[in-house]
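Q: Hi! Could you walk me through this one with me?

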Amino acid sequence: MHLGYNSGSPVTSPQLNPNPKLNPNLCPLCGMPNQCAMEIAKATGQAQEPCWCVNAYFTPELLAKLPEEAKGQACICAGCAAKAAQPAQAPRSNDSMI
Ligand SMILES: [Zn+2]
């Protein structure tokens, strides 16, 4: 006498996302859309122009601010990259020296 084999396969564990809260489209520093061309290309399936980040300079200090789980996952946005690349104090008016 044969036992009917159990057709119910063991529960396949869904692909675990290590960081469910991490959105690769959002800047991990300010939470704004990072406009990463590579992510846009992935989302739309259309090739984009080279991402702005190709020519951007990310300072080591800025990269150090990234949460460990965001490294290699989410792009920093152009705003944060530009802010970090500039000197901390950038006065707009240079003729108001007293
Ligand atoms: Zn940002």
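Q: Which residues does Ala-81 touch, not counting residues up to four places away in sequence?
A: Ala-81 touches Ala-56, Phe-58, Leu-62 and Ile-76 on that count. Touching here is contact, meaning that the C-beta atoms of two residues, placed from the backbone, lie within 7 Å.

Q: Is this an experimental structure or a predicted model?
A: This is a predicted model, where local features need pLDDT of at least 70, side-chain atom pairs count only at pLDDT 80 or more, and totals for chains, interfaces and linings use all residues. Residues are numbered from 1 along each chain as its sequence is written.

Q: What pLDDT does the protein chain average?
A: The average is 78, and 67% of the residues score at least 70. pLDDT is the predictor's confidence in each residue, from 0 to 100. Confidence is highest in helix α2 (residues 60-65), at 92, and lowest in α1, at a mean of 84.

Q: How many helices and strands are there?
A: The protein chain has three helices and zero strands, in the order α-α-α from the N terminus. Both are DSSP runs numbered from the N terminus: helices are H or I with at least four residues, strands are E with at least two.

Q: Back to Ala-81, where is it found?
A: Ala-81 is in helix α3 (residues 78-85).

Q: Buried or exposed?
A: Ala-81 is buried, because 21 other C-beta atoms lie within 10 Å. The cut-offs are 20 or more other C-beta atoms within 10 Å for buried, 12 or fewer for exposed, and partly exposed in between, with C-beta atoms placed from the backbone.

Q: What about Glu-61, buried or exposed?
A: Glu-61 is exposed, as it has 8 other C-beta atoms within 10 Å. Glu-61 lies in helix α2, and its C-alpha is 7.9 Å from that of Ala-84, 23 residues apart in sequence.

Q: Which residues make up the largest nonpolar core?
A: There are nine: Cys-27, Leu-29, Cys-36, Ala-74, Cys-75, Ile-76, Cys-77, Cys-80 and Ala-81. A nonpolar core is a set of buried Ala, Val, Leu, Ile, Met, Phe, Trp, Tyr and Cys residues joined through C-beta atoms within 7 Å. Leaving out residues up to four places away in sequence, Cys-80 touches Cys-27, Leu-29, Cys-30 and Leu-62.

Q: How about Gln-35, what is its phi?
A: Gln-35 has a positive phi of about 55°, although it is not a glycine. Gln-35 lies in the segment before α1 (37-44) and counts as partly exposed, because it has 17 C-beta neighbours inside 10 Å.
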